[in-house]
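Please keep the structure open while reading the points.

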Amino acid sequence: MRTTKVGELRILLPELDPDDLDTISEPTDDLSDATIEDALWRGVMLDGVTIRGSRLIGLDVSESSWDGGSLFGCEITRADLSGATLSGVSIERCAVTGSRFTGTRLTDIRLKDVLFEGCRFDYASLTRVTAAGAVAFVDCLLTDATWSSCRLPNIVLRSCQLGRLELDSCQLPGADLRGNALYDLKTGLGNLHRVTLDEDQLPELTRLAITELNLTIRKS
């Protein structure tokens with residue numbers, strides 16, 4: 001069993017042997033125990049597709065549409081999902097590294113034991129995304145993204161760029177946001193209910209409170 005720890009969060013990750021995987025280049029409704037490398041699936045329609053126990057390396061699924069289905073026990077490296085639309089997809093026990101989600105629309109996505117590391121989510125839209133287990137974002141670019149009505153308890157964000165990330169009606173109880181700059185975050189304080197911060201972030205939290213409450217600060 002392969003695990004990794006981010007902060008106090010332990011994430012269960014896939015453990016794949018490349019020698020046990022078959023090389024696949026074309027999408028099918030059920031992909032299992034496969035290596036998919038440098039395949040061009042740009043703009044494809046994936047309806048209810050399930051991918052299990054597979055390695056996806058350099059896969060281009062930009063501008064694609066994926067409705068339903070699941071990813072389970074997969075390693076995803078340098079994939080391009082920019083401009084894609086994912087709806088109703090379950091992602092479990094996956095490690096996603098160096099991948100691009102620029103402008104991606106993720107709706108009604110369920111996450112469990114998922115690590116995003118070194119990924120780009122700039123201008124991405126996450127709507128009703130739910131964490132049913134351990135989820136972490138490490139060294140990810142989340143600038144100008146929008147999270148709306150997401151339920152992401154106990155997630156961990158580490159060394160991420162959050163400039164102009166907008167949080168709207170989100171529930172993040174127990175989320176660990178230490179080690180991230182909050183000064184340009186676009187959020188009401190209610191979205192930060194019960195999150196964990198470090199002392200260095202308190203001045204940034206104060207600025208968020210001043211903005212939300214429309215306070216005027218003057219010297220006495």
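The points below go from the whole chain to single residues.

1. Basis of the notes. This is a predicted model, in which local features need pLDDT of at least 70 and side-chain atom pairs count only at pLDDT 80 or more, while totals for chains, interfaces and linings use all residues. Residues are numbered from 1 along each chain as its sequence is written, and side-chain values use heavy atoms, with hydrogens and water left out.

2. Overall fold. The chain has one helix and 22 strands; helices (H or I, at least four residues) and strands (E, at least two) are DSSP runs, numbered from the N terminus. The radius of gyration of the chain is 18 Å, close to the 17 Å that the globule rule gives for 220 residues, so the chain is as compact as a globular protein of that length. That radius is taken over C-alpha atoms, and the globule rule is 2.2 Å times the number of residues to the power 0.38. The C-alpha trace spans about 70 × 35 × 25 Å along its principal axes.

3. Burial. Of the 220 residues in the chain, 46% are buried. Buried means under 20% relative accessible area, exposed over 50%, and partly exposed in between (1.4 Å probe, protein chains only).

4. Negative patch. Asp17, Asp19, Asp20, Asp22 and Asp33 form a negative surface patch. Like charges are joined within 9 Å, and nonpolar side chains (Val, Leu, Ile, Met, Phe, Trp, Tyr) within 5 Å. Aspartate 22 is found in strand 3 (residues 22-23) and is exposed, because its relative accessible area is 52%.

5. Positive phi values. Most residues other than glycine have a negative phi. Aspartate 113, in strand 15 (residues 110-117), has a positive phi near 55°. Aspartate 113 counts as buried, because its relative accessibility is 13%. Tyrosine 123 has a positive phi near 60°.

6. The loop between strand 15 and strand 16. Which of the two residues here, phenylalanine 121 or tyrosine 123, is buried and which exposed? Both lie in this loop, and strand 16 covers 125-127. Phenylalanine 121 is buried, at 3% relative accessible area, whereas tyrosine 123 is exposed, at 55%. The C-alpha atoms of phenylalanine 121 and phenylalanine 101 are separated by 4.8 Å, although these residues are 20 residues apart along the chain.

Conventions. Patch = residues over 30% accessible without salt bridge, like charges linked within 9 Å, V, L, I, M, F, W, Y side chains within 5 Å. Areas by Shrake-Rupley, 256 points an atom, 1.4 Å probe, with all protein chains shown as cover. Salt bridge = Lys/Arg side-chain N within 4 Å of Asp/Glu carboxyl O. Lys, Arg positive; Asp, Glu negative; His and termini not counted. Charge placed at Lys NZ, Arg CZ, Asp CG, Glu CD.
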